[in-house]
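Please look at the sequence and the structure before reading the points below.

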Amino acid sequence: MACSDYGILTSSMHKKIDSSTLTVQNAFDIFQSRLLKLSGKTIDFGHKNLFEFIFETADEISNDVNLNEINIENKITLAIAIRLKAESYLISKLPEVDLSLITSNQTNELYQAYKNKFTLSPAIAVLDRVNMMTPENIHVNAFMFEPLIDMSVNHLKDLYEKTCDLN
């Protein structure tokens, strides 16, 4: 994988300096270049901001009264949205943190800095759940989906709502 592709995908999963400029098409192009089933396919929502698209999709899942509780895609989407919402909150509370210096485990690095600075914050309970319930390694080729398979989508919906309330 090209370094620029790795950077784009990292900025898709974590709030980085360039994350706000990413579109769905940016991510789709990377997957399309590597997955034969996507060859020749197009999407009509590629112009959308990637994070806004993730949050819109998570909101739809969270509000779906007839939600398929087994569908792993719903759980993965909620888990990604939860981590992004948590990072957004943490970054807003830690303006002194230079994101370019964090090279791995960004959510945990931000969480530890937050816990050290705001030792009595009630948000720590929600952030503890984020770290416990959503795997750090949500990647297309990861084996880390197993915890999500065993987890109720309703627990993820509840945590998503709580992380949205932090922001």
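Helix 3 and helix 8 cross in a left-handed manner. The model is a predicted one.

- Helix 3 spans residues 50-63 and helix 8 spans residues 153-166; their axes come within 10 Å and cross at roughly 125°.
- The two helices, helix 3 and helix 8, are therefore oblique to each other.
- On the side of helix 3, the contact is made by Phe55, Ala58, Asp59, Ile61 and Ser62, and on the side of helix 8 by Lys157, Tyr160 and Glu161.
- Sorted by class, the residues in the contact of helix 3 with helix 8 are four nonpolar, one polar and three charged.

**Serine 62**

- Serine 62 is part of helix 3.
- The relative accessible area of serine 62 is 9%, which is under 20%, so the residue counts as buried.
- Apart from neighbours within four places in sequence, serine 62 is in contact with Lys157, Tyr160 and Glu161.
- With glutamate 161, serine 62 makes a polar contact from side chain to side chain, at 3.2 Å.
- From serine 62 to valine 97 there are 35 residues in sequence, and their C-alpha atoms are 31 Å apart in space.

**Valine 153**

- Valine 153 lies in helix 8.
- Its relative accessibility is 0%, so valine 153 counts as buried.
- When neighbours within four places in sequence are left aside, the contacts of valine 153 are Leu67, Glu69, Asn74, Lys75 and Leu78.
- Valine 153 and glutamate 60 are 93 residues apart along the chain, and 13 Å separates their C-alpha atoms.

**Serine 19**

- Serine 19 is found in the loop between helix 1 (3-13) and helix 2 (24-32).
- Is serine 19 buried or exposed? With a relative accessible area of 1%, serine 19 is buried.
- A polar atom of the serine 19 side chain lies 2.8 Å from the backbone oxygen of serine 11.
- The backbone oxygen of histidine 14 also lies by the side chain of serine 19, at 2.9 Å from a polar atom.
- Not counting residues up to four places away in sequence, serine 19 touches Ser11, His14 and Phe51.

Notes
Residues are numbered from 1 along each chain as its sequence is written. This is a predicted model: local features need pLDDT of at least 70, side-chain atom pairs count only at pLDDT 80 or more; totals for chains, interfaces and linings use all residues. Side-chain values use heavy atoms; hydrogens and water are left out. Axes are lines fitted to C-alpha atoms, for helices over the stretch in contact, and angles run from 0 to 180 degrees between N-to-C directions. Helices (H or I, at least four residues) and strands (E, at least two) are DSSP runs, numbered from the N terminus. Angles under 35 degrees count as roughly parallel, over 145 as roughly antiparallel, 65 to 115 as roughly perpendicular and the rest as oblique. A crossing is left-handed if the near helix is turned anticlockwise from the far one by less than a right angle, and right-handed if clockwise. Contact means heavy atoms within 4.5 Å. Ala, Val, Leu, Ile, Met, Phe, Trp, Tyr, Cys and Pro count as nonpolar, Asp, Glu, Lys and Arg as charged, and the others, Gly among them, as polar. Buried means under 20% relative accessible area, exposed over 50%, partly exposed in between (1.4 Å probe, protein chains only). A polar contact is a pair of N or O atoms within 3.5 Å; within protein, one must be able to donate a hydrogen and the other to accept it, and residues adjacent in sequence count only if both atoms are side-chain atoms.
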